Amino acid sequence: MKILVIEDNESVSSMLELFLSKEGIDGQFVMDGLDGYHQARVGEWDCLIIDWMLPGMDGVTICRKLREENYSTPIIMLTAKDSESEQVLGLEMGADDYVTKPFSPLALMARIKAVTRRYSALKETLQEEGVIESAHFRINSTTREVLLNGKQIQNLTPKEFDLLCHFVQHPKQVFSREQLLDRVWGYDFYGDDRTVDVHIKRLRTKISTNNQTFFHTIWGVGYRFDETIGERK
């Protein structure tokens, strides 16, 4: 399990780091809210633990912005605020659970296991329904609809759709043109393998955002789809 903790209190972070390590969990710690928001967007996490009060960007804003971008990873809000109205606000902004300070690490671990278990069950249900989800994409293979950060992409050709599905299901793996022709076009394809380059170029144009491109050329080998790198400044 890999967890991102966005917490500016050093003593709380140290305690969590020790506890998560003993549980065999890879905990990554960020003390600034804005930096944590960017880390959440580009990394692959099983759960986020976000403090309410943070420098740079507060935890509620981080949660709201991530959910607006169709970000589905479980989020636990960690804060000293314990009023009912504040708890409701955190949950309405998209948090899956809410833990008040001071807290028991064992109780927090139980919450982590609960939200990640629910998330895993949901992912299995979505897969059964033909839905593929990633950090930025939600693809319905039955209706052939693609959402990028919650916004529908409507101008994909059938083969562009198939190619995108293949890459989203195999993140960070490098595929040669020949492998892509075999897996996406099929054994019966006869033609120039440069057709892959044309489709990748069109997909880059259609799905790249102002901040990020998702297809990366590995010179001499082929292509890789990676949502965790490639942000443009």
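Colleague: What makes something a helix or a strand here, and how many does the chain have?

Modeller: Helices are DSSP runs of H or I with at least four residues, strands are runs of E with at least two, and both are numbered from the N terminus. By that count the chain has 8 helices and 12 strands. This is a predicted model, where local features need pLDDT of at least 70, side-chain atom pairs count only at pLDDT 80 or more, and totals for chains, interfaces and linings use all residues. Residues are numbered from 1 along each chain as its sequence is written, and side-chain values use heavy atoms, with hydrogens and water left out.

Colleague: What does T79 touch?

Modeller: Contact means heavy atoms within 4.5 Å. Setting aside neighbours within four places in sequence, T79 is in contact with D51, W52, Y98, V99, T100 and K101.

Colleague: And M93, why is that one called partly exposed?

Modeller: M93 has a relative accessible area of 23%, so it falls in the in-between class. M93 sits in the loop between α4 (84–92) and β5 (97–100). Not counting residues up to four places away in sequence, M93 touches V60, C63, R64 and R67.

Colleague: How much of the whole chain counts as buried?

Modeller: Of its 233 residues, 43% do. The chain exposes about 12200 Å², with 48% of that supplied by carbon and sulfur atoms.

Colleague: What makes a group of residues a nonpolar core?

Modeller: They must be buried Ala, Val, Leu, Ile, Met, Phe, Trp, Tyr or Cys residues, joined through side-chain atoms within 4.5 Å. The largest such core has 26 residues, and those with the most contacts inside it are F137, I139, L164, F167 and I207. At least two residues each come from β7 (137–140), β8 (145–148), α6 (158–169), α7 (177–185), α8 (195–207) and β12 (222–225). The largest share, 6 residues, comes from α6. There is also a second, separate core of 20 residues, which includes L4, I50, L54 and Y71.

Colleague: Why would nonpolar side chains be found together like that?

Modeller: In soluble globular proteins, nonpolar side chains tend to be buried together.

Colleague: Let's look at α6. How do you know that F161 is buried?

Modeller: F161 has 4% relative accessibility, so F161 counts as buried. F161 is in helix α6, and beyond its neighbours within four places in sequence it is in contact with I139, N140, S141, R144, E145, V146 and L156. F161 and L203 are 42 residues apart in sequence and 8.9 Å apart in space, C-alpha to C-alpha.

Colleague: And what makes H166 buried?

Modeller: The relative accessible area of H166 is 9%, so H166 is buried too. H166 also lies in helix α6. Leaving out residues up to four places away in sequence, H166 touches F175, L180, R183 and V184.

Colleague: What makes α7 roughly perpendicular to α8?

Modeller: They pack at an angle of about 80°, with their axes 9 Å apart. So α7 is roughly perpendicular to α8. Here R177, L180, L181 and W185 in α7 meet T195, V196, D197 and H199 in α8.

Colleague: How do you know that α6 is roughly perpendicular to α8?

Modeller: Their axes come within 10 Å and cross at roughly 80°. Therefore α6 is roughly perpendicular to α8.

Technical notes. Buried means under 20% relative accessible area, exposed over 50%, partly exposed in between (1.4 Å probe, protein chains only). Accessible areas come from the Shrake-Rupley method with a 1.4 Å probe; for residues, only the protein chains shown count as cover. Axes are lines fitted to C-alpha atoms, for helices over the stretch in contact, and angles run from 0 to 180 degrees between N-to-C directions. Angles under 35 degrees count as roughly parallel, over 145 as roughly antiparallel, 65 to 115 as roughly perpendicular and the rest as oblique.
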